[in-house]
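Got a structure open and wondering where the labels come from? Let's go through some of them together, one question at a time.

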Amino acid sequence: MLIKLLAVLTLISWPCARGFLPNQFTLLSSGSDYTHQDITEIGILYAVAEFFETHPLPDKSISPGELTGIKDITARKLFDKYYGGTVSEKRFQEAIDDIVKANNRVDQDHYTEAAWHVNGEAIKEGNDKITLLRETAINVLNKTNPNLDAARELIGQFLHIVQMFYSNTNWPELSGKAAYESLGMRGKPLMAQAPSAMDTCRSCGSSTGIPCTANIMVQGPLLTSGYRSGQDRRKPSRDPATFKTGKCSHGGPYDQSGKTIAAIGGINKDTSDTNMSPHAPLHDTAAQGAILHTRFLFAHPVYGLHSLIGDEVFQELLQLTAGNSMVFVIDTTGSMGDDLAAVIKKTQEIIKETLGTIKQPYNYIVVTFNDPGNKTDIFKSKNGTAVITYLSSLRVNGGGDCPEFSLTGLQAAATVANPNSKVYVFTDASPKDAAKINYVTSMVTEKKISVSFILTGDCSRRRRSSGSGAAQYDHISRTSGLDIHYLTPSYLASPTKVPRSQLPLLSEFSLGGLSLKTFPVDNTVKTLHLQIGPTTNHNANVRVFNPDGEMVPVTQNEDGQIIIEAPKPGTWAVKNDGNGVVGVSIHGITVVDIEDHLVKTNDNGHSMFIEGKPVVGETVTHAVAVTAVDAVSSIDSLIFYDTLGIEIDRCSLTYRKKRGHNYIASVAVPDQPYRMAIEGRDKDGHPFQRQKPGLTKPSTLSLSVERVVGHLQVGSQTHINVKVTNKGGNSERVKLDVADGLRLAGTSGGTLNLQPGEHTRRTVVINGGRTVEVSTTVTIMATVIDDPEDFQYVRRTFTVHSTTQ
């Protein structure tokens, strides 16, 4: 009953929809309505289906229409048809989700600006914006080592405005489902717009006797769009008691202009609900036009991104290629003189062992860092032999003092690495830039990057496992969850023990001395990978038992992993016969994996993907997508585990017949670090479990972007208005920081003193600089001063545009 009441209250407080609803989690969205999420995903899927049809796999042929004709297309259906069920669609879906999030953020950041929504007859202004966004995205993608995160942000913003054009203007009334391909194309004239003095609508609705589907007065090829209250384009005031005609309104129950200023009514096609959308019968028509235009952006043979950026970058943009990046971040300062040769030898061995095997990554990246802090070099190649040669050329130089810019090197690596990659940082020095830890942690968290620091010691003392460097990295490990290893040069030169495969996670826990732990293996798991360690001491002896209770002979490979081929489905067990506590991570080669997004309603009433960390005690919605969902019979529960693998909460997952993230559960965020998992059964009734990799560390702080003011151009400024709230039970001193790779952003926020439940607002300023088409990700952080591990962050990626319109 409480949940139903909350749903009703949320519905009542929902503000005016500004176009198609943002995503599938909006309470107002019915099962048949198209949201920005649906339109973006469907358009991209059909564009990629076209690409696949013209790029068949070796020794396979694809008939025209075989993929583009898939009914109710999804990423899973497309990949199944193209790859024959052997490749997970997870990375591709994540790329789509990134574009969707950027699309949705326009509703958060620019909700009062009519041009971003093509409202208030700001059609030319909206067209100017998308023209600039499209051109900037193309230029960014055509750079060497393109910033793909920035490109997805630009594309998401472009698509938001374009899709709003179909919902908020009279184009569908004039042209049906057709895409308006001249939109956003420099040099192609727009259809004429209704003059400012022209009445474009007549009053409609039950009080007038005129149906709103017939309220548009514009005759012939003239464009108009509806005005909406609360935006910066005000509808010309006209008393509806006296006048029956006027400019069109957006319409719906939350648009006051549609109720108080003639012409009353509206023309939006946001939903199929006539109470929300006066032109609801054209919702599907508008959505189909928006889908065609989304597909046009990616796939048009002349103007589409694929044609303009080429096969390779197109695949990287949408993460169509299998595999992740293998990234090595290497300290080349003078103090590494004793260790660099061993580091080079080790990394070359790792690369050689992957060449031509299933372990080969999509690409290899080597980042070197030195003094000063901005002295980072990046080498990136798919050719492992070329990377081996490059590594041989590395030499030490400079770096006269001990602490080094290791986190700056990691920052550079996280910027260029593919999502879900593994990064190894080799250094002998404590971090000179330790203040960056929360900034860098936010970067690797957002891109789901796993990081290990491989330390040869503390250069100030040349000691191998202790000292000030060790203490600082221990703090970093506790704060961020990054792995820390203390290694000797002889260990570095030995065969690699660095794990190289990023596989779906079945289970992860700590196993105490003289104890046993079980875990499920389902029939989709073809190979088990058990990572044993680290241990609190060397007195740990782990044995593995199959579902029949038989001990399985095991041998740890050079990666420190136990590999079990063709495991029997059922309940397996690991037992620790020693006294030490040992960590156990269990991965599997399987097509079934999960992707989890957190969703909540923001201050503007939109259901949005959560930015930054979840907030302790808040009720959030977990929206879970399961790859190869047809391989399982049921998905039942969402589970939280603590750091030791002990269950702390469990709730049922509800199936929603919607695209993408079909399983949802609303749950309160725990007040401790936790791991999230789902549980269900495979087709034969065997239990299965998949965990979300990594540890979630919630915060007591809420940090939200309320508005982004301006469009970042050369010589101009953009302002980000943020709100910081103390959601904890204690009074806190909070430090507000901002960081970005190009140092364009700054804030006068300083120290905030917040009582429990208290909030305050601050402004972050970003300077456009002098160089066009450079991109930077601005991270705004709020940190509890007395507990630096309790921090919150939001991120925005900006690209400096030219002033040309």
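Q: What does a search of the whole structure find in the way of cavities of 30 Å³ or more?
A: This is a predicted model, and the search turns up seven cavities of 30 Å³ or more. The largest cavity holds about 220 Å³ of space. Its lining has 20 residues, and H110, Q157, H711, T797 and F798 are the closest to the centre.

Q: What makes a space like that a cavity?
A: A 1.4 Å probe fits there but cannot get out. Rolling a probe the size of a water molecule over the atoms shows where empty space is left.

Q: Which elements each supply at least two residues of the lining of the largest cavity?
A: Those are the helices α4 (90-109) and α6 (148-168), along with the strand β32 (791-799). By class, the lining of the largest cavity has eight nonpolar, eight polar and four charged residues.

Q: What lines the second largest cavity?
A: The second largest cavity has about 90 Å³, and its lining includes P146, L148, D149, R152, Q319 and K380. Also among the lining residues are T415, V416, A417, N418, P419 and K447. Of the elements, α6 gives the most, with three residues. Sorted by class, the lining of the second largest cavity comes to five nonpolar, three polar and four charged residues.

Q: How do you know that C201 and C248 form a disulfide?
A: Check the sulfurs: they are 1.9 Å apart. The cut-off for a disulfide is 2.5 Å, so the pair of C201 and C248 qualifies. With 90° about the S-S bond, this link is right-handed. C201 sits in strand β1 (residues 201-202) and C248 in the loop between β2 (245-246) and α8 (257-260), so the bond ties together parts that are 47 residues apart in sequence. Both cysteines are buried.

Q: What makes C204 and C212 a disulfide?
A: The sulfur atoms of C204 and C212 are 2.0 Å apart, and a disulfide needs them within 2.5 Å. The conclusion is that this pair counts too, and the total comes to two disulfides. A disulfide is a covalent bond between the sulfur atoms of two cysteines.

Q: Why is the disulfide of C204 and C212 called right-handed?
A: The torsion about its S-S bond is about 85°, so the disulfide is right-handed. As for burial, C204 is buried, and so is C212.

Q: Why is C651 called buried?
A: The relative accessible area of C651 is 18%. Across the protein chain, buried residues make up 57% of the 805 residues.

Q: What is there to say about the peptide bond that joins A262 and A263?
A: Omega is about 5° there, and the bond is cis. A263 has its place in the loop between α8 and α9 (283-299). For background, most residues other than glycine have a negative phi, and most peptide bonds are trans.

Q: What is the phi of V118, and where does V118 lie?
A: V118 has a positive phi of about 55° although it is not a glycine. V118 lies in the loop between α4 and α5 (123-141). With a relative accessible area of 2%, V118 is also buried, since the limit is under 20%.

Q: How many helices and strands are in the protein chain?
A: There are 16 helices and 32 strands. Of the contacts with a separation of 6 or more, 73% are between residues 24 or more positions apart. The chain exposes about 31000 Å², with 52% of it supplied by carbon and sulfur atoms.

Technical notes
Residues numbered from 1 in each chain as written. Predicted model: local features only at pLDDT ≥ 70, side-chain atom pairs only at ≥ 80, totals over all residues. Heavy atoms only, no water. 1 Å grid on protein atoms, 1.4 Å probe; cavity = no way out; pocket = protein on both sides within 12 Å on 5 of 7 lines; lining within 4 Å. Points joined across faces, edges and corners; volume = space filled by probe spheres on them. Helix = DSSP H or I, 4+ residues; strand = E, 2+ residues; numbered from the N terminus. Nonpolar A, V, L, I, M, F, W, Y, C, P; charged D, E, K, R; others polar. Buried < 20%, exposed > 50% of the residue type's maximum accessible area, 1.4 Å probe, protein only. Contact = heavy atoms within 4.5 Å. Areas by Shrake-Rupley, 256 points an atom, 1.4 Å probe, with all protein chains shown as cover.
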